[in-house]
Structure formats: C-alpha cells, structure tokens
Amino acid sequence: METKEIVDRYQRTQDTFDAVLAAVPAGRWDAASACEHWTVRDVAGHVIWGVEVLRRHAAGEEYIVRNGPAGSENPGELAGEDPLAQWRATREATDAVVTDEFLGLPAPAWYLANRPDVTVTDYLALLTFDTLVHTWDVGSALGVEVTMEADIVAPSFSLARLIISRTPGTFGPKVKPAPGADQQTRFLAFLGRSV
C-alpha cells in the first residue's frame with residue numbers, strides 16, 4: 001500500500017473527526033457515546049492519546065499514561081475542559097512532526113510489541129481505523145450522521161480483521177448485520193456496533 005494513500009486517509013479521517021467534535025454541543029461532552037462505557041469526552045481523550053503517542057514517538061519519548069489506551073478508565077481526563085481545543089492543539093503539534101523520514105521508522109513501542117516490523121506508516125493506518133470508528137461513536141450518539149468513505153472503510157476493515165481482540169472493555173461480540181447491509185454497516189457490526 002502506498003504511504004501517500006495511507007497518509008491521505010489518515011488526514012481525511014482526522015478532518016471528519018474534527019468536524020464531528022465541532023458539532024458537539026457544550027453540554028453534551030459527558031453524554032454517553034456509542035463506545036460502551038465511554039462518554040463523548042472519553043472518546044475524544046482516547047483519540048487525543050493515540051495522536052499524542054505519535055508526537056512523543058517523534059521526539060524519542062515513550063508516552064505512557066494509563067487512561068488513554070483502549071479499555072482504560074477516564075480517558076476524558078486527557079481531553080480536559082475543552083476537548084475540541086485540546087484535540088486541535090494535539091493534532092497540529094503532531095502534524096508538524098510527521099515527515100517523510102519519520103514515516104519509515106519503527107512504530108511506537110507498544111504497537112511494535114504486538115506486530116513486529118511495523119512502521120510509523122502502519123501506525124497511521126491504525127490511527128485511521130481507530131479515529132474512523134470513534135467518529136461514528138460520537139456522531140451516532142449525538143444524532144450527527146457520519147458517512148464513512150469507502151476507500152477508508154475497506155483498509156480499516158481489513159486491519160480490524162487482523163488485530164481485533166475481543167476482551168472486556170475493548171471490542172464486544174460481532175453483531176449480525178441485516179442481509180445486503182452496506183460496507184459501513186458490516187464494518188461497524190464486526191466491531192460490535194449496532195446501526
């Protein structure tokens with residue numbers, strides 16, 4: 001897969017996440033999201049964590065916080081009082097360090113431990129998958145329609161089939177989609193989301 005295509009999908013997915021966060025009413029950050037056990041603020045904090053891991057990795061640091069990874073408690077703490085502003089600041093700081101040279105380096109240690117030989121580019125594909133589903137988690141909980149682009153869903157669905165482990169606090173059992181369901185619905189159903 002071309003690195004340029006992966007980077008493009010990563011950026012477009014972040015644009016969509018940004019638009020959905022911008023639509024969150026001020027009083028709804030602590031509303032339940034479609035991601036079980038997490039509020040909208042928690043989802044924002046988790047996505048911020050994933051991008052912050054990348055920025056710290058570029059600086060040669062390992063970013064270890066207990067409330068950011070999948071299944072953790074209170075990732076909303078990472079989003080702070082203004083999750084949209086925190087997201088935008090983290091995204092901007094991270095975009096500044098994602099260079100062509102950086103993309104070919106080994107992925108952050110926690111991801112490398114699970115998948116030897118993966119690069120930063122592979123980590124961008126993971127962030128794309130993660131941000132894609134969490135954009136839907138926020139949007140669907142708040143009544144904001146989220147339509148996923150087919151060229152982003154397809155590789156994210158393939159990656160999900162490779163890496164998903166169904167453990168408490170992460171991904172629940174698959175949901176059976178209706179016959180003839182579209183790709184987005186099948187992708188979400190695989191991740192345990194009912195559409």
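Okay, let's start with histidine 37, which sits in the loop between helix 1 (3-22) and helix 2. When I say helix, I mean a DSSP run of H or I with at least four residues, numbered from the N terminus. Before going on: this is a predicted model, where local features need pLDDT of at least 70 and side-chain atom pairs count only at pLDDT 80 or more, while totals for chains, interfaces and linings use all residues. Residues are numbered from 1 along each chain as its sequence is written, and side-chain values use heavy atoms, with hydrogens and water left out.

Is histidine 37 buried or exposed? With 68% relative accessibility, histidine 37 counts as exposed; the cut-offs are under 20% relative accessible area for buried, over 50% for exposed, and partly exposed in between, using a 1.4 Å probe and protein chains only. Histidine 37 also has a phi near 80°, a positive value in a residue other than glycine.

Next loop, please. Between helix 2 and helix 3 we find asparagine 74, and its phi is positive too, about 60°, although asparagine 74 is not a glycine. At 45% relative accessibility, asparagine 74 is partly exposed. Glutamate 62 is in the loop between helix 2 (40-58) and helix 3 (83-95) as well, and with a relative accessible area of 56% it is exposed. The C-alpha atom of glutamate 62 lies 7.3 Å from that of alanine 109, though the two are 47 residues apart along the chain.

Now helix 3 itself. Which residues of helix 3 are buried? They are Pro83, Leu84, Trp87, Thr90, Arg91 and Thr94. Helix 1 and helix 2 are among what covers them.

Last stop: helix 6 (residues 120-142) and helix 8 (residues 183-190) pack at about 100°, with axes 12 Å apart. They are therefore roughly perpendicular, a label for angles of 65 to 115 degrees. Phe129 and Trp136 of helix 6 and Phe187 of helix 8 are among the residues making the contact, meaning heavy atoms within 4.5 Å.

Notes: Helices (H or I, at least four residues) and strands (E, at least two) are DSSP runs, numbered from the N terminus. Axes are lines fitted to C-alpha atoms, for helices over the stretch in contact, and angles run from 0 to 180 degrees between N-to-C directions. Angles under 35 degrees count as roughly parallel, over 145 as roughly antiparallel, 65 to 115 as roughly perpendicular and the rest as oblique.
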